[in-house]
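Please look over the sequence and the structure below, and then follow the points topic by topic.

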Amino acid sequence: MAAVHGHLGDGSGDVPLPFRRSVDTLRSVRVRPEVRIEETAAPKRLASYAYALEATVLADGEELADGRLVLLHEPDGHEAWHGAFRLVTLVRAELEPEMAGDPLLPEVSWSWLTGALAARGAAYNDPSGTVSRASSHYFGALADRVDDTQIEIRASWTPRERAGGAPEVAAHLAAWCDLLCACAGLPPSEGPEPLVRGGSGVVPMPKRRT
């Protein structure tokens, strides 16, 4: 299993305790070995405090999906968020041919996110986002390449805060990793902490790996 590591933006100023605790929690979360998580530069204009992670899903040396997760914090709360914290994500993956033309793909893809959050018990409010797919068709000197389609999920939501002001970000990070793996077409984890727990309502992609 791989540990999460990261940093607190530029490290300047006094970091609020709820945000510092949230970041410490994210650093301690362990994920399935196919998910490689690293720190990345946090955006400076979205909130007073931000912490960012990027991840890649790898299997047999092949990159199946990638994404970015940003934890934002405004100590006095943010009117649009209806809270002091906000999680923002971008997830991308190449689709299998049988999925690319499915007219229900946007709804199914969004259900991977909401189902993963529900399965992990990650309470949240005010979700918003978009699901996009882009197809590439090759011609001329590139005509030998197989047409491909990529899915892109952009989403944000407000994690509910617990006593003390910090949300249960570990559950949200675990759900985000579940989303990445669902987009990558990986089967649920077989360990003591399954990737997608029963009753989540998550619709899986056709399996690329067994």
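**Confidence and overall make-up**

- The average pLDDT of the protein chain is 81, and 80% of the residues score at least 70.
- Where pLDDT is low, the predicted coordinates should not be read in detail.
- The protein chain has 210 residues, of which 46% count as buried.
- When contacts between residues at least 6 apart in sequence are considered, 64% of them join residues at least 24 apart.

**Helices α3 and α4**

- Two packed helices are described by the angle between their axes and the distance between the axes.
- Helix α3 (residues 105-119) packs with helix α4 (residues 169-184) at an angle of about 150°, and their axes are 8 Å apart.
- Angles over 145 degrees count as roughly antiparallel, and α3 and α4 are therefore roughly antiparallel to each other.
- The crossing of these two helices, α3 and α4, is right-handed.
- On the α3 side the contact involves Ser109, Trp112, Leu113, Ala116 and Leu117, which meet His172, Ala175, Asp178, Leu179, Ala182 and Cys183 in α4.
- Sorted by class, the residues of this contact between α3 and α4 are eight nonpolar, two polar and one charged.
- Ser109, found in helix α3, is buried, with a relative accessible area of 0%.
- Setting aside residues up to four places away in sequence, Ser109 touches Val131, Ile151, Ile153 and Leu179.

**Helices α1 and α4**

- Helix α1 (residues 17-28) also has a contact with α4: the two axes come within 9 Å and cross at roughly 45°.
- That angle makes α1 oblique to α4, and the crossing of α1 and α4 is right-handed.
- In this contact Ser22, Thr25 and Leu26 of α1 meet Val169, Ala170 and Leu173 of α4, and by class the residues are four nonpolar, two polar and no charged.

**Two strand residues**

- Ala52 lies in strand β4 (residues 49-59) and is buried, with a relative accessible area of 0%.
- Apart from neighbours within four places in sequence, Ala52 is in contact with Glu39, Thr40, Ala41, Ala42, Pro43, Arg68, Leu69 and Val70.
- Although Ala52 and Leu87 are 35 residues apart in sequence, their C-alpha atoms are 9.7 Å apart in space.
- Glu94, which is found in strand β6, counts as partly exposed, because its relative accessibility is 45% and partly exposed residues lie between the buried limit of 20% and the exposed limit of 50%.
- Between Glu94 and Arg133 there are 39 residues of separation in sequence and 9.3 Å in space, C-alpha to C-alpha.

How values were computed
Residues are numbered from 1 along each chain as its sequence is written. This is a predicted model: local features need pLDDT of at least 70, side-chain atom pairs count only at pLDDT 80 or more; totals for chains, interfaces and linings use all residues. Side-chain values use heavy atoms; hydrogens and water are left out. Axes are lines fitted to C-alpha atoms, for helices over the stretch in contact, and angles run from 0 to 180 degrees between N-to-C directions. Helices (H or I, at least four residues) and strands (E, at least two) are DSSP runs, numbered from the N terminus. Angles under 35 degrees count as roughly parallel, over 145 as roughly antiparallel, 65 to 115 as roughly perpendicular and the rest as oblique. A crossing is left-handed if the near helix is turned anticlockwise from the far one by less than a right angle, and right-handed if clockwise. Contact means heavy atoms within 4.5 Å. Ala, Val, Leu, Ile, Met, Phe, Trp, Tyr, Cys and Pro count as nonpolar, Asp, Glu, Lys and Arg as charged, and the others, Gly among them, as polar. pLDDT is the predictor's confidence in each residue, from 0 to 100. Buried means under 20% relative accessible area, exposed over 50%, partly exposed in between (1.4 Å probe, protein chains only).
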